[in-house]
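Q: Hi! I have a protein model open and would like to talk it through. Could you help me find my way around?

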Amino acid sequence: MTILPPEPDLNALRLKLARLRAGRGWSYDELAARSGLARRTVIEIEQGRTVGSLKTWHALAHALDAPLDDLFGTLCHDHDLPGSLDG
């Protein structure tokens, strides 16, 4: 029997990115410049048109001074984090 993992909450991840960017008062241009990414990439990730690579998220995390586990923890918004105990 194959047990599939729950679907990641990509919407929660993109909203976390948007909140972090907005909380710093940064425009798309500012985050793009600080992360070394194209402005279009930042916009497309925030608007849910693309997910982005691990390398992209690494650059965003460093630019925002946000731990990767904090960002990626949002993927499990509607379910338990991997490795968490059920009681």
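Q: Let's start near the end of the chain. Which residues does leucine 75 touch, not counting residues up to four places away in sequence?
A: Leucine 75 touches Glu7, Pro8, Asp9, Leu10 and Leu13. Keep in mind that this is a predicted model.

Q: Where does leucine 75 lie?
A: Leucine 75 is in the segment after H5.

Q: Okay, zooming out. How many helices and strands does the protein have?
A: The protein has five helices and zero strands. From the N terminus on, the elements run α-α-α-α-α.

Q: What size of box do the C-alpha atoms fill?
A: Roughly 45 × 25 × 20 Å, taken along the principal axes. Of the 87 residues, 31% count as buried.

Q: What about contacts between residues at least 6 apart in sequence: what share join residues at least 24 apart?
A: That share is 55%.

Q: Let's do H1. How many residues does H1 have, and how far does it reach?
A: Helix H1 covers residues 10-23, which is 14 residues. From first C-alpha to last it reaches 20 Å, close to the 20 Å expected at 1.5 Å a residue. After H1 comes glycine 25, whose phi is positive, near 70°.

Q: Which residues of H1 are buried?
A: The buried ones are Ala12, Leu13, Leu17, Leu20 and Arg21.

Q: Why would some residues in a helix point the same way?
A: An α-helix has 3.6 residues a turn, so residues three or four places apart point the same way.

Q: What covers the buried residues of H1?
A: The cover includes helix H2 (28-35), helix H3 (39-46), helix H4 (54-64) and helix H5 (68-72).

Q: Tell me about the largest nonpolar core. Which of its residues touch the most other members?
A: That core has 18 residues, and Leu17, Leu31, Val42, Trp57, Leu60, Leu64 and Leu71 touch the most other members. H1, H2, H3 and H4 are the elements that give two or more residues to this core. The largest share, six residues, comes from H4.

Q: I see leucine 17 in there. What is leucine 17 in contact with, leaving aside its neighbours within four places in sequence?
A: Leucine 17 is in contact with Leu31, Ile45, Glu46, Trp57, Leu60 and Leu64.

Q: What does the side chain of glutamate 46 make a polar contact with?
A: With the side chain of arginine 21, at 2.5 Å. Leaving aside neighbours within four places in sequence, glutamate 46 is in contact with Arg14, Leu17, Ala18, Arg21 and Tyr28.

Q: Switching to helix packing. At what angle do H2 and H4 pack?
A: The angle is about 105°, with the axes 8 Å apart. H2 and H4 are therefore roughly perpendicular to each other.

Q: Which residues meet between H2 and H4?
A: From H2, Leu31, Arg34 and Ser35 meet Ala59, Leu60, Ala63 and Leu64 in H4.

Q: And how do H3 and H4 pack?
A: Their angle is about 95°, and their axes are 12 Å apart. That makes H3 roughly perpendicular to H4. Thr41, Val42 and Ile45 of H3 make the contact with Thr56, Trp57 and Leu60 of H4.

Q: How far apart in space are threonine 41 and glycine 52?
A: They are 7.9 Å apart, C-alpha to C-alpha, and eleven residues apart in sequence. Threonine 41 is partly exposed, with a relative accessible area of 27%.

Q: Last one: where is aspartate 65 found?
A: Aspartate 65 is in the loop between H4 and H5. Its phi is near 55°, a positive value in a residue other than glycine. Aspartate 65 is also exposed, with a relative accessible area of 70%.

Technical notes: Residues numbered from 1 in each chain as written. Predicted model: local features only at pLDDT ≥ 70, side-chain atom pairs only at ≥ 80, totals over all residues. Heavy atoms only, no water. Helix = DSSP H or I, 4+ residues; strand = E, 2+ residues; numbered from the N terminus. Expected span 1.5 Å × (residues − 1). Buried < 20%, exposed > 50% of the residue type's maximum accessible area, 1.4 Å probe, protein only. Contact = heavy atoms within 4.5 Å. Core = buried A, V, L, I, M, F, W, Y, C linked by side-chain atoms within 4.5 Å. Polar contact = N/O pair within 3.5 Å; in protein donor to acceptor, adjacent residues only side chain to side chain. Axes fitted to C-alpha atoms, helices over the stretch in contact; angles between N-to-C directions. Parallel < 35°, antiparallel > 145°, perpendicular 65-115°, else oblique.
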